[in-house]
Amino acid sequence: MIGRIWAIALNTFREAARIRVLYGILVLVLGSNLLAIFLGQLSLHEAGRVARDVGLAGISLFGSLTAIFLGVFLLYTEVQRRTIHAIVSKPISRWEFVVGKYVGMVLVLTVLVGVFALAMIAMLISQRAGVTAGVVKALVLSWFEVLTVAAIAIFFSSFSTPFLSGIFALAMWVIGRLTPDLEAATRYAAPWIQATTKLALEIVPDVHLFAVSGRTLDGSAVSVNGEFVPWSYVALAGAHGLGWTVGLLALAAWLFHRRDFV
Amino acid sequence: MIDVRELTKTYRTPFARRKVEALRGVTFGVERGHIFGFVGPNGAGKTTTIRTLMGLIRPTSGTARLLGEPLPSRAARFKIGFLPESPYFYDYLTVAELCDLAGRLFGMPAAVRKRRADELIEKVGLTRSRGLSLKKFSKGMLQRAGLAQALMNDPELVVLDEPMSGLDPIGRKEVRDLILELRDAGKTVFFSTHILSDVEAITDRVAIIARGQLQAHGTPAELVSRALQGVDVTVRLATGDAPDAPDAPDALAGLSDGATRVRRVGDELSLTLAADADVDAWLARAHAAGARVVAITPRHETLEDLFVRQVAGADRAARAEAAP
């Protein structure tokens with residue numbers, strides 16, 4: 001089982017590495033780091049803060065968009081191009097195929113987030129901003145976010161077209177990111193609006209847990225530029241993301257199992 | 001080896017009530033060690049049947065067993081090699097990498113994968129192209145690469161969907177030879193095609209499918225009628241005696257009366273006499289007109305005749321069914 005999943009994962013990694021859009025995104029992330037340096041120069045003695053905030057925002061934004069892009073295309077194109085026919089006719093279960101595709105995406109996204117992180121660290125060092133434990137924790141949380149978003153995208157891709165899957169996955173990511181804001185916005189709304197919002201937010205992964213800098217947790221302000229979350233929080237957020245990932249992949253595998261490949 | 005019973009597959013369009021019956025109660029069996037040809041016109045249901053057997057499509061009803069295992073069986077797939085129709089593979093891989101990927105999915109150790117891939121690449125004639133990515137392969141080369149990956153696991157049952165498609169005459173002969181070689185090695189081969197000469201040349205049993213229904217099933221000898229269908233005659237006419245020449249004798253002009261498939265090329269006249277025609281009397285008339293006999297061949301039903309008859313029958317039945 002591991003060997004088959006690994007075979008699909010390696011092939012997916014190889015396939016994704018040939019997608020030129022990824023190299024464009026890499027350039028955009030490097031550009032966002034240069035923007036952070038530029039904005040830092042405009043600020044008054046806040047270059048380090050700006051560099052950290054813009055750098056992390058760039059990783060989260062471009063990493064998640066990359067995850068959505070890969071998630072909606074890599075599974076769909078296997079079916080559309082019929083490359084899947086020669087694969088699932090071999091002794092591999094469809095769930096193993098879905099998990100293999102996801103593991104391949106994890107490999108690609110890990111390399112990408114790693115490159116993004118190295119670029120950001122280089123930028124922070126150049127700005128003498130310091131690479132604190134908070135920055136490292138924020139980077140790990142961004143990585144968890146990207147992997148969770150990839151699972152959302154692959155779930156939609158298991159039954160829908162890339163266009164619709166992309167819209168659904170993007171919507172879930174945005175709503176998940178804005179969950180605390182949406183809760184706050186509906187706090188004084190009619191009870192039915194509150195109930196509907198609460199229900200809607202329950203079925204969306206809490207990706208806001210991975211972007212806590214600038215928020216208030218348990219009554220305390222949390223910032224990557226000051227007091228940040230403990231490692232236990234990072235682990236719990238990771239477990240939360242893992243739970244969603246396992247659930248979404250299980251659903252994707254079930255849906256994929258029921259499909260006809262004509 | 002393969003046991004298919006009352007297999008049906010109906011597609012429903014999502015927002016319309018239209019139903020498309022791709023398979024309608026298909027039943028057949030394939031015995032161990034046989035070459036089984038599955039023939040039918042385009043859209044007959046060949047590929048749907050094969051995809052159902054390979055677990056790519058779920059049947060609407062009916063059952064199928066491969067190597068004694070009910071569908072979909074992972075255990076059976078360990079012993080099956082499959083070449084899809086118009087094979088699409090990852091175009092960034094080389095043929096060796098494609099074989100390696102197939103070997104990994106069968107759980108083969110690295111050394112065995114390498115050795116087996118080398119053997120098969122040589123067998124299908126792609127040794128000189130092994131460094132090229134599949135993107136640079138022609139259709140025929142892709143077909144060969146597909147055959148190589150299908151045989152990685154040394155399968156007991158080989159299922160080939162249109163294996164001769166896209167191949168030139170030499171490539172087709174090589175694939176036919178490979179199929180015979182597989183049969184000689186004790187494998188069972190199930191292949192679909194609409195090239196009837198390939199079927200007649202190598203199959204032990206044949207099934208004809210049209211409009212989703214099996215029309216005939218058996219050995220080629222069982223299926224085609226041995227009764228005389230007619231006599232093909234070719235004669236060489238004396239120079240200047242062409243039937244269309246102004247001075248052609250009446251006797252020669254009457255040679256083609258009652259005959260079918262009359263064809264004149266140069267000074268040779270070919271035609272088919274009816275099965276009950278008096279061939280001796282016709283030859284006497286031809287001699288009298290100065291013609292010389294080149295060939296006389298009894299005509300029996302061919303697989304092509306049977307195929308055309310079965311498909312036309314299926315079309316007629318479908319039209320009658322559709323009529324209000």
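A crossing is called left-handed if the near helix is turned anticlockwise from the far one by less than a right angle, and right-handed if clockwise. The model here is predicted, so local features need pLDDT of at least 70 and side-chain atom pairs count only at pLDDT 80 or more, while totals for chains, interfaces and linings use all residues. Residues are numbered from 1 along each chain as its sequence is written, and chains are lettered from A and ligands numbered from 1 in the order in which they are written.

**Exercise 1. Work out how H2(A) packs on H3(A).**

Step 1: Find the elements. Helices (H or I, at least four residues) and strands (E, at least two) are DSSP runs, numbered from the N terminus. Here H2(A) covers residues 20–42 and H3(A) residues 47–80.

Step 2: Get the geometry. Axes are lines fitted to C-alpha atoms, for helices over the stretch in contact, and angles run from 0 to 180 degrees between N-to-C directions. This pair comes out at about 165°, with the axes 8 Å apart.

Step 3: Name the arrangement. Under 35 degrees is roughly parallel, over 145 roughly antiparallel, 65 to 115 roughly perpendicular and the rest oblique. The angle therefore makes H2(A) roughly antiparallel to H3(A). As for handedness, H2(A) passes H3(A) in a right-handed crossing.

Step 4: Sort the residues. Ala, Val, Leu, Ile, Met, Phe, Trp, Tyr, Cys and Pro count as nonpolar, Asp, Glu, Lys and Arg as charged, and the others, Gly among them, as polar. The contact of H2(A) with H3(A) has 16 nonpolar, seven polar and no charged residues.

**Exercise 2. Describe the packing of H3(B) on H4(B).**

Step 1: The angle between H3(B) and H4(B) (residues 110–123) is about 130°, and the axes lie 9 Å apart. That's why H3(B) counts as oblique to H4(B). Their crossing is right-handed.

Step 2: H3(B) uses B:Val95, B:Ala96, B:Cys99, B:Asp100 and B:Gly103, while H4(B) uses B:Arg113, B:Arg116, B:Ala117, B:Leu120 and B:Ile121. By class, that's six nonpolar, one polar and three charged.

**Exercise 3. Check each chain against the radius of gyration of a compact globule.**

Step 1: The radius is taken over C-alpha atoms, and the globule rule is 2.2 Å times the number of residues to the power 0.38.

Step 2: For the 262 residues of chain A the rule gives near 18 Å; chain A has 20 Å, which agrees. Chain A holds 10 helices and two strands.

Step 3: For 324 residues the rule gives near 20 Å, but chain B has 25 Å. Chain B has 11 helices and 14 strands.

**Exercise 4. Characterise the side of chain B that touches chain A.**

Step 1: Count both sides: 23 residues from chain B and 22 residues from chain A.

Step 2: Helices H2 (74–77) and H3 (95–105) of chain B each give two or more residues to that side. H3(B) supplies the largest share, four residues.

Step 3: By class, the side of chain B has 15 nonpolar, three polar and five charged residues.

Conventions:
Contact = placed C-beta atoms within 7 Å.
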